[in-house]
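Please read it alongside the structure shown here.

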Amino acid sequence: MSENPTDDSVTSSARLAQFQEEVARLKLKGGGANPERNGANTGIGLAIVGVIIVVIAWLSSKGAGGSVNARLDAQVAAIIGLLVGIVGLVVWLRNSITSYLRYWLIRLIYEDREQTERLIQAIEKLADK
């Protein structure tokens with residue numbers, strides 16, 4: 001491995017500081033300008049609206065009595081509410097996974113860079129001998 005462990009720890013901490021600085025610059029952990037967070041919140045909102053529409057349609061169908069048209073309207077409203085809820089869940093899932101995978105992709109890139117630099121340093125040390 002390394003002959004001087006303090007060089008590796010200094011390089012690693014410098015890399016870590018650079019990584020944290022760039023992640024903070026990308027605003028991956030939060031903030032109002034994060035599009036994935038806004039998309040996830042929109043998805044949750046759509047899912048809640050879908051559930052509310054389904055509940056209202058269910059209550060409407062219970063109060064419809066024998067009217068076929070009222071029951072048909074309630075069923076259509078329930079289907080629309082169900083579709084809105086499903087779309088909301090898909091939007092939430094898409095944005096949540098995107099944010100999560102973006103963070104891990106950046107972390108993987110930095111780890112690969114660090115490993116490449118260690119490999120280059122090791123090759124240079126071998127070439128110097």
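The model is predicted. Helix 2 covers residues 35-62, and helix 3 covers residues 68-128. The two helices pack with their axes 7 Å apart.

**Helix 2**
- Helix 2 has 28 residues and reaches 41 Å from its first C-alpha to its last.
- That span is close to the 40 Å expected at 1.5 Å a residue.
- The buried residues in helix 2 are E36, G39, A40, G43, A47, G50 and A57.
- Helix 3 is included in what covers these buried residues.

**Packing of helix 2 and helix 3**
- The angle between helix 2 and helix 3 is about 160°.
- Angles over 145 degrees count as roughly antiparallel, and helix 2 and helix 3 are therefore roughly antiparallel to each other.
- The crossing of helix 2 and helix 3 is left-handed.
- Sorted by class, the contact of helix 2 with helix 3 has 18 nonpolar, 12 polar and 3 charged residues.

**Residue E36**
- E36 lies in helix 2 and is one of the buried residues there.
- Its relative accessibility is 8%; buried means under 20%, so E36 counts as buried.
- Apart from neighbours within four places in sequence, E36 is in contact with N95, T98, S99 and R102.
- Helix 3 spans residues 68-128, and helix 3 is included in the cover over the buried residues of helix 2, E36 among them.

Methods. Residues are numbered from 1 along each chain as its sequence is written. This is a predicted model: local features need pLDDT of at least 70, side-chain atom pairs count only at pLDDT 80 or more; totals for chains, interfaces and linings use all residues. Side-chain values use heavy atoms; hydrogens and water are left out. Helices (H or I, at least four residues) and strands (E, at least two) are DSSP runs, numbered from the N terminus. Buried means under 20% relative accessible area, exposed over 50%, partly exposed in between (1.4 Å probe, protein chains only). Contact means heavy atoms within 4.5 Å. Axes are lines fitted to C-alpha atoms, for helices over the stretch in contact, and angles run from 0 to 180 degrees between N-to-C directions. Angles under 35 degrees count as roughly parallel, over 145 as roughly antiparallel, 65 to 115 as roughly perpendicular and the rest as oblique. A crossing is left-handed if the near helix is turned anticlockwise from the far one by less than a right angle, and right-handed if clockwise. Ala, Val, Leu, Ile, Met, Phe, Trp, Tyr, Cys and Pro count as nonpolar, Asp, Glu, Lys and Arg as charged, and the others, Gly among them, as polar. The expected span of a helix is 1.5 Å times one less than its number of residues.
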